[in-house]
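Biologist: I have a model open and want to learn how to read it. Can you take me through it feature by feature?

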Amino acid sequence: MLRRSLAPSGRGRSLRALMWTSIVALGLLAGCTDRAGKSASQDAAARTPIVTVSADQAVSPVPPWQAPAIAVGEHNARELHKRAQAALKSGDLHANADSAIPLYLALRGFAPNDRAAAAGLDRAIALLLVEGDAALKKIDEDPLSLRAAHEAAAVARAVAPEHRKVEAYLERVDRADQAQEADRLGEEDLNAGRIGEDGKGGALARFGEALELRPGDVRARQGIAAAESALIRRAEVAADKDDYASAERWLAKAALVRPKMSTVSDAQGRIAAQRQARIGSLRDQGIAALPKFRGIDEARGYLATLLRIAPTGDPAAAELRERIELATHYGLFRPGQVFTDAMNLGGRGPAMVVIPHGAFRMGADVSEADSSDAERPLRNIRFERGLAMSRYEITVGEFRRFMNSTKHRARATRRGYSIAYDERSGNLVRRGRVDWSSDYAGQPAADNLPVVHVSAKDAAAYVEWLSAITGQRYRLPSEAEYEYALRAGSQGRYPWGDGAPPAKTGNLTGSLDASPSGRRWRNAFQGYGDGAWGPAPVGSYAPNAFGLHDMGGNVSEWVADCWHDNYRRAPRDGAAWFNPGCRTRVFRGGSWSSSPAQTRAAWRQGTSADTTNGRLGFRVVRDI
C-alpha cells in the first residue's frame, strides 16, 4: 500500500530530452536517396510512421506535479469516495480535482487509516504506471507520447517515489530519455557529417547507444539507415568524380552498418552499372575523337581516364588502346585490311592492302652470294606509320581506264615501239606498234594481265590521275617501302627466305617451265615450275605474308627513287631518294624472266625513266 506523498526525488529528467529535431531528422532521411529516388532507409521508414514534433511542443518541460487542494470532512467524505471510484473506473487519474488520485490523496489525508482510500490510491497508481508504459511503447509512433510518460512519472514521483514499481517505471522513463538524447546527438552528428564509420564515435555510436538503452528504437534504426545512406551517397559522389576506388571503400564501410540488408548490394549494382556505362562512354568518345584534328591526343586523354577507372583487363580499355594504336599507325584502317577508293567518275580504284608499320634491315650483306655494292651499306629502316599498297600490279584494264579518261600519250605509243619477247630467238627485241595495250610478246593483252611497256613517267602520270579522281594521295612506292613489302618480315636472300622457292610462290624462272615452242631457262630455280611463260594474270599465285601478290615475280616494278650507286646518304626514314630531273630510275623485284640472282630481295637495278619493255610494270601505294 502507498502510504505517503513525498516531494520529487530528482531522479527524473526534464523534457529537454525531447529536444530532438524531428523535422531535421526526417529531412536528412529524405535527402539521402539513391539515384532512382528511393531512400536508403525506406525499409525502416516504411514500417513505422513518424510524427513530426514542433519546436514549442518538444521543448516544453513537464513541471512537478502537485495535488490540487480538496476540502474533505465528515459531510462529504462518502461523496468523495464515490467520485473517486467513478473517476478511477473511467480512467480519470490525475487531470484535476475530480480525478481519482487527487481525491484518494485528500481522503487519505483526512483519514490516514482509511483502507478503502489507500486501496483506491494503489489501484490508481498501478493504472497510472500502465498508462505510462503504454505511452513509452508509443514513442516510435508518436514522439509526443514521451511527454505523457513524463506526466505519469511526475505524478508517480510525487505520490510514491520509493515504491518498487514506481522506481522501476522511473528507470524506464530515464532510459527512454537517454535514448532520445542519444538519438538527438546522433542526428546532430549525422547532419554535421560525423558518421563514425571507423568506429570512433559519431552518429553510428550514438544510435547504437540508443538501441542499447531502448532495444527496437525506431528512431535509432532510422538514424542507422540514414548513416548507411550517407555512406552510400559518398560512394555515389566519388563515382560521379570517376573515383571508383573511393566509391568501393565507402561501400565497404556502408556494408558493415546493416550487413543483413540489401541496400548496399543494390547500391553496388547501381555504381557498377554506372562505372561500366562510364567506361563504355569513354571508349566511344575516344574512338569518335580519332578522326578529328589532333584527335589521337584527345583519345589518349580518354584512355588515361578509362585506365584509371576500369578494372584490370577491361576489354573496353584494350579496345580503345588498340584503336589509338591503329589510328597512330594506320589512320582509320587496320593492318591487312583490303579496300578500294571510289572514283569520282564512277567505279572503284585498285584493291589496296594495308601494310603493317615496322622495321627491317635493307640491302644485302657482303657475304650474300650475287650481291653488289649497289645494295650496300646495310641500313635499318623503320616505318612509324603503315601504308596501303596495291594488292596486285596495276593491270591493263586499270591502265586502260586511265588512258581513256585522259589525254596522256604513253611513251611507247609516242615513239612507236617497245621491247618485247621474241619466241624464235628467245630474246627481248625491239618491236613496232607495241605499247601498254600489248602483252610481253607484243600481242593484244587481256585486261587482267599486269600492264607492261610503260615508262616511269607513264606510271607517275597514272598515280597523279588516280589521286585526282579519288581525292586520296597515291604515288609510286619508295625503294625502301618496296623492299619492306617484298620481304614481308623475312630477312633471307629471297623474298620467301633462303633456299628454293616453295610451290606456287610466284611466276619465277623455273627449270620446269617451258615456252610455247618448248624453250627452257638456262639459269633458273632447279625443280621449280609455275606453269607460265611470260606474265600471268595478276593474283595467280599465293600472296606473301602481307597479303600482296607477285611482289617477287611476274613483272619487275618501277619505284619512285632515282638511281644511286649505293645507299650512302640515302634517307633514313624510308622515303624515296628522288632528285628532280633525274633521268635514271630504279625498278625492283624479279620478273617472269629474271635469273635467281635478280630475284633476290635486295636486288635493285637502274634504267632510263623512258624505258619500256615486256617485263616491267608497276604498282601503287596510298598514304593512310
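**Pockets and cavities**

Modeller: The largest pocket has a volume of about 400 Å³. Of its 18 lining residues, the closest to the centre are Gly426, Asn427, Trp521, Arg522 and Ser593. Keep in mind that this is a predicted model.

Biologist: How is empty space found in the first place?

Modeller: Rolling a probe the size of a water molecule over the atoms shows where empty space is left.

Biologist: What classes of residue make up the lining of the largest pocket?

Modeller: Nine are polar, five nonpolar and four charged.

Biologist: How many cavities of 30 Å³ or more does a search of the whole structure find?

Modeller: Two. The second largest cavity has a volume of about 60 Å³. Its lining is made up of Met362, Arg379, Glu479, Asp561, Tyr567, Ala570, Pro571, Ala575, Trp577 and Arg604.

Biologist: How does that lining divide by class?

Modeller: Six of the residues are nonpolar and four are charged, with no polar ones.

**Charges over rings**

Biologist: Arg379 and Tyr567 both line that cavity. Where does the charged end of Arg379 sit?

Modeller: Over the ring of Tyr567, 4.9 Å from the ring centre. Arg604 also lines the cavity. Arg604 lies over the face of Trp563, at 4.2 Å from the ring centre.

**Strands and sheets**

Biologist: Arg379 is in a strand, I think. How do I read side chains there?

Modeller: In a regular strand the side chains alternate between the two faces of the sheet. Take strand 4, residues 379-383. Arg379, Ile381 and Phe383 point to one face and are buried.

Biologist: Which strand pairs with strand 4 over five bridges?

Modeller: Strand 3, residues 358-362, in the antiparallel sense. Within that pairing, Phe360 stands opposite Ile381.

Biologist: What is the strand order in the open sheet of four strands?

Modeller: The order is 11-10-9-12, and the pairing is mixed. Strand 11 (604-608) and strand 12 (616-617) are the edges, each pairing on one side only. Strand 9 (residues 556-562) runs antiparallel to strand 10 (residues 584-588), and three bridges join them. Cys562 has Arg585 of strand 10 as its bridge partner.

**Aromatic pairs**

Biologist: Now the rings. What describes a pair?

Modeller: A pair of aromatic rings is described by the distance of the centres and the angle of the planes. Here the count comes to 24 aromatic pairs. In one of them, the rings of Tyr421 and Trp592 have centres 5.8 Å apart and planes at 90°, so the pair is edge-to-face.

Biologist: Why does this pair tie together parts that are 171 residues apart in sequence?

Modeller: Because Tyr421 lies in strand 6 (residues 417-422), while Trp592 lies in the loop between strand 10 and strand 11.

Biologist: Is Trp592 buried or exposed?

Modeller: Trp592 counts as buried, at 2% relative accessibility. Trp592 also pairs with Tyr440: their centres are 5.0 Å apart and their planes at 75°, so this pair is edge-to-face. Tyr440 lies in the loop between strand 7 (427-432) and helix 17 (456-470), so its pair with Trp592, in the loop between strand 10 and strand 11, ties together parts that are 152 residues apart in sequence.

Biologist: And are Tyr421 and Tyr440 buried or exposed?

Modeller: Buried means under 20% relative accessible area. Tyr421 counts as buried at 4%. Tyr440 is buried at 12%.

Biologist: Which residues form one aromatic cluster?

Modeller: Phe399, Phe402, Trp436, Tyr462, Trp465 and Phe618.

Note on methods. Residues are numbered from 1 along each chain as its sequence is written. This is a predicted model: local features need pLDDT of at least 70, side-chain atom pairs count only at pLDDT 80 or more; totals for chains, interfaces and linings use all residues. Side-chain values use heavy atoms; hydrogens and water are left out. Two strands pair if DSSP finds at least two bridges between them. Helices (H or I, at least four residues) and strands (E, at least two) are DSSP runs, numbered from the N terminus. Rings of Phe, Tyr and Trp (its six-membered ring) pair if their centres lie within 6.5 Å; planes under 30 degrees apart count as stacked, over 60 as edge-to-face and the rest as tilted. Buried means under 20% relative accessible area, exposed over 50%, partly exposed in between (1.4 Å probe, protein chains only). A charge sits over a ring if NZ of Lys or CZ of Arg is within 6 Å of the ring centre and within 35 degrees of the ring normal. On a 1 Å grid over the protein atoms alone, a cavity is a set of points where a 1.4 Å probe fits but cannot get out, and a pocket is an open set with protein on both sides within 12 Å along at least five of seven lines; lining residues have an atom within 4 Å of a point. Grid points are joined across faces, edges and corners, and a volume is the space filled by probe spheres set on the points. Ala, Val, Leu, Ile, Met, Phe, Trp, Tyr, Cys and Pro count as nonpolar, Asp, Glu, Lys and Arg as charged, and the others, Gly among them, as polar.
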